[in-house]
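Here are a few exercises on helix packing and nonpolar cores, each with a worked solution. Keep the viewer open and try each task before reading on.

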Amino acid sequence: MITLLHPADGLIRRMVDEPWLVPDQVRRHVLGCPRCSSRWLLVTADGAAVERLLPPQAELELDPRSAWAATQRRLRTADPARRPASWARLPRRLVHPGRPAAAVGALALLLVGAGMGTAVAGVKWTQIFAPTKVAALPVTRAELLALPHLREFGRLTGTPELKLTPEPTLAAAEAAAGVTLSAPSPVPAGVTGAPHYYLVPRWSSTFTFSSARARAAALAAGVTLPALPAGFDGSRLRESVGPGVVITYGSSGESLGDLFGVRRQRSSACASGSSCKGGAPTKVSGSSVPTLALLAVKPPVLASTGVTVAELESYLLSLPFLPPSLATAIRHLGDPVTSLPIPVLSDLGQSQPTTVDGARGVLFAAASPLASAVVWEAGGVVRAVGGLVDADTSLALARG
Amino acid sequence: MDSTARGLAAPQPLRVGRDPALSRPQAATEEVFEALFRAEYAGVVRVAARVLLERAAAEDVAQEVFLDFHLRHPLGHQTAAGWLRLAAAHLALNRLRSDRRRFRREQVVRLESTGGDSPESAVLASETRREVGAALGRIKPHHAAILVLRYSGLSYAEVADALSIPAGQVGARLRRAELALRKEVDRDHIAPPG
């Protein structure tokens, strides 16, 4: 029997970002070892905190022709004997002269890249996913951990982190979102505190497939990934969701911000009437969870420059690290164009289909801690209600 | 897609000369340099923009880096992409540390990422990003560099390539850098953007 030592922090850090590049036995150890799973949670939280400080950037609209022309001009006017201004401040390793030249070798590869760019020029976006119903996708935390990050298959740009905006009243949130949401009346027993209202702004991001990036990640890990199907390389997907409205009970805006990424109030916001104290930035408070939350949001829509949902699903199912049980669950989702998968953590509770005013929904219920939620889509709006309440209470709230 | 995106859709992790069959020393032509430029320019700008938050300043850094590369490595470089990205990170951080740039950044309202936000939230984001950028400029350069590279979207393999370290060391260094940035941010009570 092989005894695995507790992995170092660095390996656990990589497990957060690139879990499929971490050996299986290490992942199993981390998930099964109380000490290491605690460290993994801590490292995950620290990484998430830094990602909030350094959020993914929007795609920059650049003009490569002008940039190339400008660089050529600077090149022509540069003194060949000059020492670049940045030279002295660059690491010594960067200026080591002993490395072999290989620029020509790259040319073929680079031209492939340039050709790829040309191939997608003038492309039209086609909507490929517009859900009209929800469907449960049972998944365990371990299965989620085994999934690779999308960044390993291409480039993700846009605004990947959803940000909620506090609103003073429900009416204000509804007006901003163009979506209606009914507050519960009366509030169920056990739900305390004043309601908080939030606008879910319209959110979108763009993903560009890159076979080179997928290949590099696989090579670095020593694993073999199926090649991206023809037409994937360089094609783009654009996802958008929202706007919408959220109501929460039992938590302040600050702690909700930790949970859902709400931008915390800062001094410059105080001038607009927000409740700030002395202009000082607020500190993160505890991790109080809303005892009840209600959501109404325009459903996600996916547009593509060429790849279809069926092709995406087929490629996803061909990935060797996709757990068989998850693959089976994906196959049972139904029509991939109109079914919105709702991931439900099957190791925390159970889910079952339900109906809300004739619309198909998903009911999730956990016994310990007591929690439940209902998600359904009706009238072009995805709705959800849930919290630290039993399933009957969530269903009653959903059905009005 | 408009013509401006042509040539910028090239994949990020191209590694010049990794294939032994392609590593024969040969004089780099203008065509080779242009191909390298077109393939890597967007990625290099992205690294600089991670620090400077201003597209024009990031493009200036990127062009300066390509210029340096051409002057220093007219015959090419074994890991050109990594060289360019790391150079962009260091040069951008150097500019960030200068008061002139720092003050100029205070006037920058936003990049395209805040295009859909309200004016108030855009100002909040801008303010926080400026403060986070200042914190980046205060931590150790090697910590700042790995954060800039990783949070520009580079994979661990690409970060390792840029830093010329084994990929297995990236996680540990990234972890130390993240803790350093958080410590600096906590010291200044900077609230992260949403």
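**Exercise 1.** In this predicted model, decide how H1(B) and H2(B) are oriented to each other.

*Solution.* Start with the geometry: the axes of H1 (residues 30–52) and H2 (residues 55–72) of chain B come within 8 Å, crossing at roughly 135 degrees. Next, apply the cut-offs: an angle over 145 would count as roughly antiparallel, and 65 to 115 as roughly perpendicular. The two helices, H1(B) and H2(B), are therefore oblique to each other. Finally, the hand: H1(B) passes H2(B) in a right-handed crossing.

**Exercise 2.** Find which residues of H1(B) and H2(B) meet, and sort them by class.

*Solution.* On the H1(B) side, pick out the residues in contact, among them Phe33(B), Phe37(B), Tyr41(B), Ala48(B) and Leu52(B). Their partners in H2(B) include Arg55(B), Ala58(B), Glu59(B), Val61(B), Ala62(B) and His70(B). Sorting the contact of H1(B) with H2(B) by class gives 14 nonpolar, 1 polar and 2 charged residues.

**Exercise 3.** Work out how H2(A) and H3(A) are arranged, and list the residues that meet.

*Solution.* Here the axes of helix H2 (residues 24–32) of chain A and H3(A) come within 5 Å and cross at roughly 95 degrees. H2(A) and H3(A) are therefore roughly perpendicular to each other. His29(A), Val30(A) and Leu31(A) in H2(A) meet Cys36(A), Ser37(A) and Trp40(A) in H3(A). By class, this contact of H2(A) with H3(A) has 4 nonpolar, 2 polar and no charged residues.

**Exercise 4.** Which residues touch the most other members of the largest nonpolar core, and which helix gives the largest share?

*Solution.* First, some background on chain B: it has 8 helices and 0 strands, and buried residues make up 59% of its 194 residues. Among contacts in chain B with a separation of 6 or more, 74% join residues 24 or more positions apart.

Now turn to the core. It has 62 residues, of which Ala48(B) and Ala88(B) touch the most other members. Both chains take part: H3 (34–53) of chain A and several helices of chain B, including H1, H2 and H3 (80–97), each supply at least two residues of this core. The largest share, 15 residues, comes from H1(B).

Zoom in on Ala48(B): leaving aside neighbours within four places in sequence, Ala48(B) is in contact with Ala58(B), Val61(B), Ala62(B), Ala88(B) and Ala92(B). To finish, look for a second, separate core of 40 residues, which includes Val246(A), Ile247(A), Leu295(A) and Val375(A).

How values were computed:
Residues are numbered from 1 along each chain as its sequence is written. Chains are lettered from A and ligands numbered from 1 in the order in which they are written. This is a predicted model: local features need pLDDT of at least 70, side-chain atom pairs count only at pLDDT 80 or more; totals for chains, interfaces and linings use all residues. Axes are lines fitted to C-alpha atoms, for helices over the stretch in contact, and angles run from 0 to 180 degrees between N-to-C directions. Helices (H or I, at least four residues) and strands (E, at least two) are DSSP runs, numbered from the N terminus. Angles under 35 degrees count as roughly parallel, over 145 as roughly antiparallel, 65 to 115 as roughly perpendicular and the rest as oblique. A crossing is left-handed if the near helix is turned anticlockwise from the far one by less than a right angle, and right-handed if clockwise. Two residues are in contact if their C-beta atoms, placed from the backbone, lie within 7 Å. Ala, Val, Leu, Ile, Met, Phe, Trp, Tyr, Cys and Pro count as nonpolar, Asp, Glu, Lys and Arg as charged, and the others, Gly among them, as polar. A residue is buried if 20 or more other C-beta atoms lie within 10 Å of its own, exposed if 12 or fewer, and partly exposed in between; C-beta atoms are placed from the backbone. A nonpolar core is a set of buried Ala, Val, Leu, Ile, Met, Phe, Trp, Tyr and Cys residues joined through C-beta atoms within 7 Å.
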